[in-house]
Amino acid sequence: MYYITLIEFLDDTASGPSESTTVDTRLPQDTIEITFSNMPVMKERVRGTTKYDREAALAAHRAHLLCWLAYWRYRHGHISSPLVQASSLSLVPLELSDSYRRALAESQRDANLKRKRAADDDWFVHWLQHMVEWWRARFQHVIVDGSTDWTDHAAPETAAATHGLNKTNSNRGRMEECTRLLNCLQQNMVALADSTLLFVALLRMLGVRTRFVVSLQPMSFSVAATKKILAATEMQTASDRSQKGQVESKPTKRRKTNKSQNATSTKANQPQMAWCEVLHPTEGHWVAVDLARGLVNEPTRMEEHGPLPYVTAFDIGRRIKDVSRRYASQWAAKTLRLRPPMGKAGRDWWLDTLAIYAERDPSEVDVREDAELLSHELSEKMPTTVSEFNNHPLYALERHLKKFEILSPREPVIGHIRGEPIYPRSCVKQLHTAEAWLKEGRQIKKGEMPVKEVKSRAVTLLSRREQVMAQMEGYEKLSGLYGYWQTEPYAAPPVVSGKIPKNGYGNIDLFQPEMLPPGGVHLPQRGIAKIARKLDIDYAEAVTGFDFQSRHCIPVVTGIVVAAENEALVLDAWRAHEHARFEKERSKREKAALKRWRTLLHGISIRDRLQKQYGEKIDDMSVAMDDSGDEDNGSGSTPKSRSLTGKMYATNPPICDNSSDLSTQIQLALVVDL
DNA sequence: GTGACTCATGAGTCTTTGTGATAG
DNA sequence: ACTATCACTTTGACTCATGAGTCA
């Protein structure tokens, strides 16, 4: 025997000249040593994104989003405390609260005058501006935890600990949080989130419907982004660990991060901005109020610090609403793409999640707001790059059309990008082959020609053969595609005097229930075709789909179609046949059971006779036989039982000591078995 | 820094009606 | 003689989305 040792050498350029190195000096004498020089170093193949990676990133994104939602819902809940509301109201200067009441009364008195006023002259916006000025003069917004100048956007778990979310006694935590908010009112410097929450409480006390609005910024659902965050976190953890090990006692300084790390952290953890929305008491629309910058009614400026994919408004009660569209300048082209794509059924997970917090009985204000958000979405400005047009819900470019799509009609052209015409998305139509339409219960109208031809796929042996033949003859086999407007509901030829219309294969297409011919009835029962054949009734096997096996397309047959007048006859015969079949099977089982019991009884009587005749001698013999048998099969059943009754005992061994008891048990067992 | 483009990869979609041997 | 079942070549070619890299 020879031992072969493979010794790898590093690349010459990397590790200098090749040098043999003995791996194990204790190798046997007859060793063959094979040396590879300049062995190419195989580059590790970059692993692509797997389904698991995507699902994990999506789950993390959703979980993170839900954590933020729960966190802000919890904090928003505290401003409904009467103590917090009363304390915040006590701060308002009398002239501000009075001016609101006066202006409101005046505007309600003179509704016509109100309509004539320009937006700049809006009394409510003016009043809000005064309120914001006063508030900003009263409180100074501070940076919390050195994280941002917007709000304390620490991770939910850290923030939860800070605000008492993890208290075992929730009431105690709530009390502490309320006390903390009350303390904020006594101070001049507060965090922006606290300031906004208190401002919301104050306006509500003045009788103005106000929402607390926050831009939730969860981690990205993109796999690449998630991997970057994980890598950055690992690096940070390792760095923290090494620092901790080296200088345990030194006060920690802010770590200097490199450029890439900074970029990652910024992208992964955008600041969570907080502001409020105030309902205009006479106009009925929502006015955005940003305390941080003193902005009133300037929703477009909220996006200046980056896109806002999840702008969530917390209203009185438990109502929560997604109002992102109000603040997105390019909702479909940019902002919406920061959310995971919708499911196959077109369901939006986030909107479904918020549905439980929606107003059950929408008011006029809610209906108006929905209409306004939709109109804002539809009037979105056109994208400026080619890639933004891809899968855009409003616009389309011809280059992004899919194989089974077409532009119809090719007008109107609503613009150009790099010389390419831009069409409304409504011009993009889905196409199918005639067979695919038939599967949906539609047929091509007479005289319609395919609007597009695509290279057909050769799946079955037959189609593959046809494709090869076509290639040899110098042309390509194409499939014609048709649009919905070229189709009509499938009209099956009717059943005439009991004759079922059949296709070229001798059966009937029944991909949809509507494809049933008039005068026909579908009987999906298994084995019913045989009955119809015996009765000499005309029928056709119903093809409900196709199965693909071993490069063959196999039609899936589900029962038959017969004339309606024959339905009862066929069904009665089928029921009679099924009954007879059941009885036959029962009789067969009964016979088999009786046969096995007969064998058992016969065996027992032989055993009894031998016992009486030879006494203990037979026991010794059987024990000896069983011992040898054990080695053969090694099963756990009782050796004595097996030697007498074989298979029967293995499944149902009767326990008995004398023959009279045994016969009683057998009689009982027979009754049960039958 | 941004967008267009190319390439690699993995997941999902589309395809769309046998035949001969053998056992019962 | 007729009927049911099974194995064959134990789908696979293609589209699309996504991410990485390069270039202008």
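**Exercise 1: The surface near DNA strand B**

The residues of the surface near DNA strand B split into eight nonpolar, eight polar and eleven charged. Keep in mind that this is a predicted model.

Task: find out which residues come closest to DNA strand B, and which helices and strands supply at least two residues of the surface near DNA strand B.

Solution, step by step:

- Start with the neighbours. DNA strand B is surrounded by 27 residues, and Val386, Arg399, Val459, Asp509 and Phe546 are the closest.
- Next, the elements. At least two residues each come from helix H2 (51-77), helix H15 (386-389), helix H16 (434-439), strand E22 (539-549) and strand E23 (552-563).
- Then pick out the top contributor: E23 gives the most, with three residues.
- Now see what the protein meets on the DNA side. Sugar or phosphate accounts for 57% of the atoms of DNA strand B within 4 Å of the protein, and bases for the rest.
- Finish with individual atom pairs. Arginine 399 has a polar side-chain atom 2.7 Å from a phosphate oxygen of DNA strand B. Aspartate 509 goes for a base instead: an N or O atom of its side chain is 2.8 Å from a base oxygen. For asparagine 503, a side-chain N or O atom is 3.4 Å from a base oxygen.

**Exercise 2: Over to DNA strand C**

Task: work out which residues come nearest to DNA strand C, and how the residues of that surface divide into nonpolar, polar and charged.

Solution, step by step:

- There are 14 residues around DNA strand C, and Ser222, Lys402, Lys403, Lys455 and Arg457 come nearest.
- Sort the surface by type and you get five nonpolar, four polar and five charged residues.
- Look at the DNA atoms within 4 Å of the protein: 59% belong to sugar or phosphate, the rest to bases.
- Lysine 455 places a polar side-chain atom 3.2 Å from a phosphate oxygen of DNA strand C. Lysine 402 has a side-chain N or O atom 3.5 Å from a phosphate oxygen. With lysine 403, a polar backbone atom sits 2.9 Å from a phosphate oxygen.

**Exercise 3: Trace a sheet**

Solution, step by step:

- Five bridges join E5 to strand E9 (residues 310-314), and phenylalanine 212 stands opposite phenylalanine 314 in E9.
- E5 also pairs with E6 over five bridges, with threonine 210 opposite valine 278 in E6.
- Six of the six residues of strand E6 (residues 274-279) are buried, so the rest of the structure largely encloses E6. Ala274, Cys276 and Val278 cover one side, and Trp275, Glu277 and Leu279 the other.
- Last, E6 joins strand E7 (residues 286-290) through four bridges. Leucine 279 faces tryptophan 286 in E7, and glycine 284 in this hairpin takes a positive phi near 80 degrees.

Definitions and conventions
Residues numbered from 1 in each chain as written. Chains lettered and ligands numbered in written order. Predicted model: local features only at pLDDT ≥ 70, side-chain atom pairs only at ≥ 80, totals over all residues. Heavy atoms only, no water. Near = heavy atom within 4 Å. Polar contact = N/O pair within 3.5 Å; in protein donor to acceptor, adjacent residues only side chain to side chain. Nonpolar A, V, L, I, M, F, W, Y, C, P; charged D, E, K, R; others polar. Pairing = 2+ DSSP bridges. Buried < 20%, exposed > 50% of the residue type's maximum accessible area, 1.4 Å probe, protein only.
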